[in-house]
Structure formats: structure tokens, C-alpha cells
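Q: I am new to this one. Can we go through it feature by feature?

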Amino acid sequence: MASEELAKKLQSRLAATQDTGPRPESEPRPEPGLSPVRPKPQQEAEGACGAEPSSSSELSAVLTRRQDINDGNAAPCRTRVFNPYTEFKEFTRKQIKDMEAMFKRYDTGRDGFIDLMELKLMMEKLGAPQTHLGLKNMIKEVDEDFDGKLSYREFLLIFRRAAAGELQEESGLMALARLSEINVSTEGVMGAKDFFEAKMQALSLGSKFEAEIQEEKDERKRQEVDKKQRQAAFKQLQSAFCS
């Protein structure tokens, strides 16, 4: 009797399995009227490979961006916080504050940058107007992120390079630094009105000193020639008396 009941249960279960087909235990049964959700082909491929879903795309994006940065077509991301007092230790706090005040004065857009037109206005007010190409070259010389405008850090770089003597005397950046009335004097030229005047004074004093030395040498040579001439004249006069 028990075996007949067991056989009936096995036959009913087998019939139900043949009607619905095998279904994994973990796969939920779809609701009536809805089709089961299947993964996309890309997800199936990535799942088959055992890789993270976005690992290949992220790597491709990083390599593409790095190539754009190397080609100058994209700006590198800055993750560190900029602190002018720790990065520009060659300047005093007063000098950095003066540079910041000047930067904000000409940042008329209040966006934290000095663009081409703002730089044009700055150079005009400083009395050293530049051509459009000259202004672009000024920005390009310190534009580290290739965005075509000056950030506050790039603005400070102008004065760093000027104080280090890395700018050409006739360049627009040198004119900006010289005419800005910001004291960027360094150790050894303290007490001068600013670094550039001190540099010119040092060159002038050096030239004057060399000229004075040369003049002293010429004077000694003249004295030696005069002495020899007097000695020759005395010997000639002495021989005339003796004869």
C-alpha cells in the first residue's frame, strides 16, 4: 500500500517536471504575463571572463585621458590642496598677500582665474600693453594645466621665475612682474625697493667697479710710462753734461 502511494507521488512529480521543464532552484519563477529578465550580452561576456564589470572601460578611459594630457588636449586633475605659503617659501607672507590682492583686483569675473581679456586690461593699466599674440604667449609660458588662463598658482609662478632670473628682460611676464610694485626681493638684495631694481643696481655697481679698476690700471700704466720717460730724459741730460 505504501509502495503504491510512493509510486503515485513519483509519477505526479515526474509529470510536473516534464510539463514545466527543469528550472534551477535559485532562479525565481516569473510572474504570469512577464518574461524572465536575462542579462545583457556584455554582462554575460564579462561574467564569463570573471572580470569586474567596469575594469576594462575604466582602464581604457585612464589611458585615453593620459594620452590627451600628454598631447596637450586635456588638463591634468589636481587632487592636492594648494597652499601658497608652503609651496612658495621663497616669498614672505606679506609678498604673497600682495600678489593675491593684485590677482583678485584683476580677476574681474571673480571666477578664480585671469583670462585673456583680464590680462589685457591688467597690462594696459600697468602701462605695458601687449598684442593679442603676446598675451597668449604670456599665458602659455606659465599655463601648466593648458586651460588658456592664469590660476592664482600660475600667477605666483610669474614672480618665482622673475625672482630666479628665468624670464627674458623683454618678455611680457617680466614687464608684469617689474611694474606690479610687489616686493619680491630675496636674501642678499634686501633693503632695495624690489628685486629687479636691486638686480639693476648690482649690475650697475659691478660695471662701475670694473670701470674703476680698469681706470686704476690705466693710470698706473701712464705713471710707469712717465717714469720711464723721465728716467730716459734724465740719463740723456746727464750724458750731455758728462760729455
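Q: Which residues does glutamate 118 contact, leaving aside its neighbours within four places in sequence?
A: This is a predicted model, so read each contact as part of a prediction. Contacts beyond near neighbours show what a side chain meets in the fold. Glutamate 118 is in contact with Tyr106, Asp107, Thr108, Gly109 and Phe113, once neighbours within four places are left aside. Take Thr108 from that list. It sits 10 residues from glutamate 118 along the chain, and the two C-alpha atoms are 7.0 Å apart.

Q: Is glutamate 118 buried or exposed?
A: Compare its relative accessibility with the cut-off. Under 20% counts as buried. Glutamate 118 has 7%, so it is buried. The residue lies in helix H6.

Q: Which residues of H6 are buried?
A: List them, then look down the helix axis. The buried residues of H6 are Leu116, Glu118, Leu119, Met122 and Met123. They fall within an arc of 160 degrees, so they line one face of H6. The face turned away from that buried side carries the exposed residues Met117 and Lys125.

Q: What do the buried residues of H6 pack against?
A: Check which elements they touch. For H6 these are helix H5, strand E1, H7, E2, H8 and H9.

Q: What is found at the ends of H6?
A: Look at the start, then at what follows. Aspartate 115 caps the N-terminal end of H6. One of its side-chain oxygens lies 3.2 Å from the backbone nitrogen of methionine 117. After H6 comes glycine 127, with a positive phi near 85 degrees.

Q: Which residues of H7 are buried?
A: In H7, Gly134, Leu135, Met138, Ile139 and Val142 are buried. Their arc is 135 degrees seen down the axis, so they line one face of H7. The exposed residues His132, Leu133 and Lys140 are on the face turned away from the buried side. The cover over the buried residues of H7 includes helix H6 (116-125), E2, helix H8 (152-163) and helix H9 (172-179).

Q: Which residues touch the most other members of the largest nonpolar core?
A: Ask who touches whom inside the core. The largest nonpolar core has 35 residues, and Leu119, Phe155, Phe159 and Leu176 touch the most other members. Helix H5 (93-106), H6, H7, H8 and H9 each give two or more residues to this core. H8 gives the most, with eight residues. Now follow one residue. Beyond four places in sequence, leucine 176 touches Met102, Leu119, Met122, Met123, Leu126, Met138, Phe155, Ile158 and Phe159.

Q: How many helices and strands does the chain have?
A: Count the elements, then read their order. The chain has 10 helices and two strands. Along the sequence the pattern is α-α-α-α-α-β-α-α-β-α-α-α. Of its 243 residues, 23% count as buried.

Q: Where is confidence lowest and where is it highest?
A: Where pLDDT is low, the predicted coordinates should not be read in detail. The mean pLDDT of the chain is 76, and 65% of residues reach 70 or more. Confidence is lowest in helix H2 (residues 41-49), at a mean of 45, and highest in E1, at 97. Over residues 39-53 the pLDDT is below 50, and that stretch has four contacts beyond near neighbours in sequence. Residues 186-193 also stay under 50, with eight contacts beyond four places in sequence.

Key. Residues are numbered from 1 along each chain as its sequence is written. This is a predicted model: local features need pLDDT of at least 70, side-chain atom pairs count only at pLDDT 80 or more; totals for chains, interfaces and linings use all residues. Side-chain values use heavy atoms; hydrogens and water are left out. Helices (H or I, at least four residues) and strands (E, at least two) are DSSP runs, numbered from the N terminus. Buried means under 20% relative accessible area, exposed over 50%, partly exposed in between (1.4 Å probe, protein chains only). The arc is that of the directions from the helix axis to the C-beta atoms. Contact means heavy atoms within 4.5 Å. A nonpolar core is a set of buried Ala, Val, Leu, Ile, Met, Phe, Trp, Tyr and Cys residues joined through side-chain atoms within 4.5 Å. A polar contact is a pair of N or O atoms within 3.5 Å; within protein, one must be able to donate a hydrogen and the other to accept it, and residues adjacent in sequence count only if both atoms are side-chain atoms. pLDDT is the predictor's confidence in each residue, from 0 to 100.
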